[in-house]
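I opened this model to look up a few things and keep notes. My entries follow the order in which I checked them.

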Amino acid sequence: MQRILKERDRLLRRSAQAYGLAGSVAVFLCLIVPGGVGSIARQGGLALVCLMAGSQYLLGRTGAIRWAILTVLCGLGIIFFVGFDSLPGIPFTLVEEATVGLVAAVPMSCVAIVLVVSGKRLVLLVAAFVATLGSVALVSSMGTATPLPLALALCGWLSCIMAGWWIAQSIPRVMNRIAAIGRAHRAERHASELEAQRRTDARLLHDTVLATLTLLAHSGVGVSPVALRQQSGDDARLLRQLRLGGLPSPRRSGVYTLEPVRDSTLGTTLESVRQRFGRMGLEVEWHGSGQVRLPTDVLDSFLLALGECLENVRRHSGVLHADVTITDDAATVRAMVTDAGVGFDLSAVDAGRLGVAESVIARLRAVGGNARLFSSPGAGTTVVLEVPK
């Protein structure tokens with residue numbers, strides 16, 4: 001709220017400054033019109049206009065009450081200079097009427113814009129308003145002027161009071177609305193982060209614990225007891241770390257590692273993937289380069305998606321051999337996983353299955369990558385994984 005009030009006061013000061021200085025320039029031009037006002041009124045009025053312009057400038061910079069009071073006093077001085085310079089009973093000239101009305105309506109009334117924000121300032125506002133109208137009425141009656149100066153003064157002050165009140169009320173409403181939008185944005189971002197966390201946890205459990213449980217449900221067919229015990233131990237450590245509130249970094253088990261990877265090449269990490277699936281009975285032929293360096297988060301997602309593809313080959317293809325080809329260009333690293341197994345119909349895959357949709361496609365898209373699948377019954381399967389360097 002303090003910041004809102006500060007912005008409101010700054011806008012009020014700048015508005016009063018601009019409006020008041022524009023009025024002072026107009027009064028200055030009226031005073032220098034040849035034959036418009038008497039010489040004494042011109043000299044005194046010009047000096048007071050310059051002083052009033054200085055006080056308006058300082059009012060816009062600081063907002064201090066003393067500069068508002070000085071502005072009003074200078075305006076009163078100009079009104080009396082012009083009014084008393086005329087002979088009693090002689091009608092005002094058009095320039096004199098315009099000068100008196102303009103002084104009261106614009107450069108003096110600008111202080112109303114900054115005096116509508118507190119009770120103490122409202123007292124000063126009422127006093128300045130009454131003094132202005134009283135001085136205009138007094139000199140108009142002495143010079144038998146038309147009602148024009150008084151009407152201009154009344155309209156000018158009422159306009160500035162309404163403008164200042166509108167700004168003072170609008171700024172807090174706008175700032176509060178902006179704050180509400182910010183809170184809504186933070187809530188939406190928090191919900192998105194929670195959803196992303198939920199999806200990440202689902203992928204993690206799918207790739208680790210659920211995969212191991214599936215092996216156990218099938219009595220570990222095709223997997224040595226040593227490899228099965230090692231995989232179960234890795235999953236147990238992962239669950240223990242999660243239960244204690246820890247976050248594995250990268251958060252992996254089996255093909256995952258629980259220690260952070262600071263600076264690793266693709267070659268060394270692919271070797272760990274090869275060894276793991278070799279233990280589990282899947283023979284993988286590696287082709288292409290494996291010495292490409294990737295950012296840790298991209299490398300993490302790339303290896304996890306690759307491991308999930310090989311796990312699908314081991315579990316669903318009906319063959320124990322797969323080919324992995326690694327290629328890269330200036331911006332992208334690609335892995336093509338191919339098997340000559342039974343294949344499947346892409347349109348027949350259940351939308352509720354997490355393996356391809358979450359552990360491969362969604363995981364790569366989260367780091368700016370992509371995955372494409374090609375398969376048909378009896379013709380094997382090919383998966384192309386792409387991640388940015």
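These notes go from the whole chain to single residues.

**Entry 1: the chain.** I am working with a predicted model. I looked up the secondary structure and found ten helices and five strands in the chain. The chain has 389 residues, and 43% of them are buried. The chain exposes about 19400 Å². Carbon and sulfur atoms supply 64% of that area.

**Entry 2: aromatic pairs.** How many aromatic pairs does a search of the whole structure find? I got two. Phe80 and Phe84 form an aromatic pair, with 5.4 Å centre to centre and 15° between the planes. I logged this pair as stacked because its angle falls under 30 degrees. Where do Phe80 and Phe84 lie? Both are in helix α3, residues 65-85. They are four residues apart, about one turn of the helix.

**Entry 3: exposure of the pair.** I checked relative accessibility next. Phe80 comes out at 26%, so I list Phe80 as partly exposed. Phe84 comes out at 46%, so Phe84 also goes down as partly exposed.

**Entry 4: Ala151.** I located Ala151 in helix α6, residues 148-217. Is Ala151 buried or partly exposed? Its relative accessible area is 37%, so I put Ala151 down as partly exposed. I also looked up Ala151 against Leu133. They are 18 residues apart in sequence. In space, the C-alpha to C-alpha distance is 9.4 Å.

Methods:
Residues are numbered from 1 along each chain as its sequence is written. This is a predicted model: local features need pLDDT of at least 70, side-chain atom pairs count only at pLDDT 80 or more; totals for chains, interfaces and linings use all residues. Side-chain values use heavy atoms; hydrogens and water are left out. Rings of Phe, Tyr and Trp (its six-membered ring) pair if their centres lie within 6.5 Å; planes under 30 degrees apart count as stacked, over 60 as edge-to-face and the rest as tilted. Helices (H or I, at least four residues) and strands (E, at least two) are DSSP runs, numbered from the N terminus. Buried means under 20% relative accessible area, exposed over 50%, partly exposed in between (1.4 Å probe, protein chains only). Accessible areas come from the Shrake-Rupley method with a 1.4 Å probe; for residues, only the protein chains shown count as cover.
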